[in-house]
Amino acid sequence: MKKFMKLLLFILIALVALAVLYVLGNIVFAALTRFNPDHELPLKAEKKYSSQKEIDNKLPNDSTKTYKILIWNIGYGGLGAEADFFYDGGKMVVSPKEWVLRYNEGIQDFLKNCDADFILLQEVDTAGRRSHYINQKEKIASALPEYYSAFAVNYDVRFVPVPYTNPMGRVLGGLQSLSRYYPTECKRIQLPNKEDFPDKLFYLQRCLLLQRFPIAESNKDLIVINTHFEAYDKGEIKKKQMDFTRKILLDEYNKGNFVVLGGDWNICPPGIDPYKFAKEPESDYLNANADENYILGWKYAYDPSKGTNRKNKTPFDPQKSFTTVIDYFFVSPNIDVLNVNTIDLGFRFSDHQPVLLEMKLKN
């Protein structure tokens, strides 16, 4: 009996030791391989097919010209209508490969036919277990060969150890911006991020992807900024990110430039009840709105008629799933907003819906 008890105790101690070593090993490995980008990082904008010289591809100096900008968080091609997600209260970590292939095909087909001048995408993977190691950045760039494509990494972790029974593993993804026009400047700008240890070792390094498009016969530029602000906080980190971004927006506008910020804000715009489209009670959601006085004179541009994001607690059910508006634009006073439309795809390919802005630049 004593031998059995000693053996049992030894096994328990060994299991505890292994668990501790696993946790510590993951922390050490993550610290040694942590993605640590510079505050600003220049990026290249390239396209698969070129029919004209880049220097000639400027925006026309024409105040009657309209432009279309599309934003879409594509959910790394893994969060279509059938999927749920463990981080939102669901069970799934990785969707089946056949789903992911179908979602990716649907995303590419939609983008090929959306007729936008600028496309700002979030949660685009180049590698990762969650997306079955599909290089979505390259797939999308190949599907849109006449668009210039730039990519800014915001999630680069060699091994995400949660959930412990089925770890997410490798993640490499970020923001992708595509345009019909050639940007003379592309850069990744680091945002304030989580600093809690050890969470920060396994989390996103959120950023802005800023692009500069010169206007012909002018000393002015159109500044287009792709963003994906903080999601899993109570607002403190998001406020730091917004304060940081404000300075960039004002600096460009004060130079006389036209400025558009678009993407996934993870917070509702002013004037929208976060629970406007709720069909069932939902408590696990940040009930807050972006600051209506964020920059006086600037405009939030969104479609109030449809939700842009769904909760991933369960597969999508149009009669039950919680949806809300968190994908939209913020534009400078020298831009006329003509129309904003959330395109209802029934969340077939992502847990977000694409949103299309039509605008003009004022003289």
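## Cysteines

The sulfur of Cys-207 lies 12 Å from the closest cysteine sulfur, in Cys-186, so the gap is too far for a bond. A disulfide here is a pair of cysteine sulfur atoms within 2.5 Å. Cys-207 is also buried, at a relative accessible area of 1%. Buried means under 20% relative accessible area, exposed means over 50%, and partly exposed falls in between (1.4 Å probe, protein chains only).

Across the whole structure, the search finds zero disulfides.

## Basis of the model

This is a predicted model, in which local features need pLDDT of at least 70, side-chain atom pairs count only at pLDDT 80 or more, and totals for chains, interfaces and linings use all residues. Residues are numbered from 1 along each chain as its sequence is written, and side-chain values use heavy atoms, with hydrogens and water left out.

## Overall fold

The protein chain carries four helices and 15 strands. These are DSSP runs numbered from the N terminus: helices are H or I with at least four residues, strands are E with at least two. The radius of gyration is 22 Å, close to the 21 Å from the globule rule for 363 residues, so the chain is as compact as a globular protein of that length. That radius is taken over C-alpha atoms, and the rule is 2.2 Å times the number of residues to the power 0.38. Along its principal axes, the C-alpha trace spans about 90 × 45 × 40 Å.

Buried residues make up 53% of the 363 residues. Contact means heavy atoms within 4.5 Å. Of the contacts with a separation of 6 or more, 74% come from residues 24 or more positions apart.

## Surface and charge

The protein chain exposes about 16900 Å², and carbon and sulfur atoms supply 54% of that area. Accessible areas come from the Shrake-Rupley method with a 1.4 Å probe; for residues, only the protein chains shown count as cover.

There are 47 positive and 45 negative side chains. Lys and Arg count as positive, Asp and Glu as negative; His and the chain ends are not counted. The centres of the two sets lie 5 Å apart. Each charge is placed at NZ of Lys, CZ of Arg, CG of Asp or CD of Glu.

Leu-43 sits in the loop between strand S1 (40-42) and strand S2 (66-73). Its relative accessibility is 18%, so Leu-43 counts as buried. Leu-43 and Lys-187 are 144 residues apart in sequence, yet their C-alpha atoms are 5.1 Å apart. Beyond neighbours within four places in sequence, Leu-43 touches Phe-151, Ala-152, Cys-186, Lys-187, Arg-188 and Leu-209.

Ile-225 lies in strand S8. It is buried, with a relative accessible area of 0%. Its C-alpha is 9.7 Å from that of Lys-187, 38 residues away along the chain.

A cis peptide bond links Val-162 to Pro-163, with omega about -15 degrees.

Met-168 belongs to the loop between S4 and S5. At 6% relative accessibility, Met-168 counts as buried. The C-alpha atoms of Met-168 and Val-93 are 6.5 Å apart, though the two are 75 residues apart along the chain. Leaving aside neighbours within four places in sequence, Met-168 contacts residues including Phe-85, Phe-86, Val-93, Arg-129 and Pro-163.

## Other backbone features

A cis peptide bond also joins Phe-197 and Pro-198, with omega about 5 degrees. Pro-198 is in the loop between strand S6 (185-190) and strand S7 (207-214).

Glu-217 is not a glycine, but its phi is positive, near 55 degrees. Glu-217 is in the loop between S7 and strand S8 (221-228). It is exposed, with a relative accessible area of 77%. Phe-347 also has a positive phi, about 55 degrees, without being a glycine. Phe-347 is found in the loop between strand S14 (335-342) and strand S15 (355-361). At 4% relative accessibility, Phe-347 counts as buried.
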